[in-house]
Amino acid sequence: MKKIEAIIKPFKLDEVRDALSEAGIAGMTVVDVRGFGRQKGHTETYRGAEYVVDFLPKIKIELVVSDNLVDICLERIQNAAQTGKIGDGKLFVTNVERVVRIRTGEENEDAL
């Protein structure tokens, strides 16, 4: 099993969720996050005053999938989240040693 963490632009969430649903992914966790990468924030003007926005709003999606679904998930997330502009986000894949469903005690693949 693998855990996929996707950091994407907030307005792309619905497209990514729909793309993953079409691939048969039933569950995910979504968190509002802030951060910056190469774009290093930006300057905005509000009522004539300039200020620097160091951390940009992003969405973090986390999902755990079977090994055979990793490539399809990565492809769908990338296609749905891509705008072609700086700040589109990142995808991280890590190993998951064990999963336990709290309600039933099912483990690993059965708990997904």
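This report describes a helix pair and the surroundings of one glutamate in a predicted model.

## Basis of the model

In this predicted model, local features need pLDDT of at least 70 and side-chain atom pairs count only at pLDDT 80 or more, while totals for chains, interfaces and linings use all residues. Residues are numbered from 1 along each chain as its sequence is written, and side-chain values use heavy atoms, with hydrogens and water left out.

## Packing of helices 1 and 2

Helix 1 (residues 13-22) and helix 2 (residues 70-81) have axes that come within 8 Å and cross at roughly 150°. Helices (H or I, at least four residues) and strands (E, at least two) are DSSP runs numbered from the N terminus. The two helices are therefore roughly antiparallel to each other, a term for angles over 145 degrees on a scale from 0 to 180 degrees between N-to-C directions.

Helix 1 contributes Glu15, Val16, Ala19, Leu20 and Glu22 to the contact, and helix 2 contributes Cys73, Arg76, Ile77, Ala80 and Ala81; contact means heavy atoms within 4.5 Å. By class, seven of these residues are nonpolar, none is polar and three are charged.

## Glu62 in strand 5

Glu62 is located in strand 5 (residues 56-65). Its side chain makes a polar contact of 3.2 Å with that of Lys60 (a pair of N or O atoms within 3.5 Å, one able to donate a hydrogen and the other to accept it). Beyond neighbours within four places in sequence, Glu62 contacts Lys3, Ile4, Glu5, Met28 and Thr29.

Glu62 also forms a salt bridge with Lys3, with the closest N and O atoms 3.9 Å apart (the criterion is a side-chain nitrogen of Lys or Arg within 4 Å of a carboxyl oxygen of Asp or Glu). Lys3 lies in strand 1 (residues 2-8) and Glu62 in strand 5, so the pair ties together parts 59 residues apart in sequence. The structure holds ten salt bridges.

Methods. Parallel < 35°, antiparallel > 145°, perpendicular 65-115°, else oblique. Nonpolar A, V, L, I, M, F, W, Y, C, P; charged D, E, K, R; others polar.
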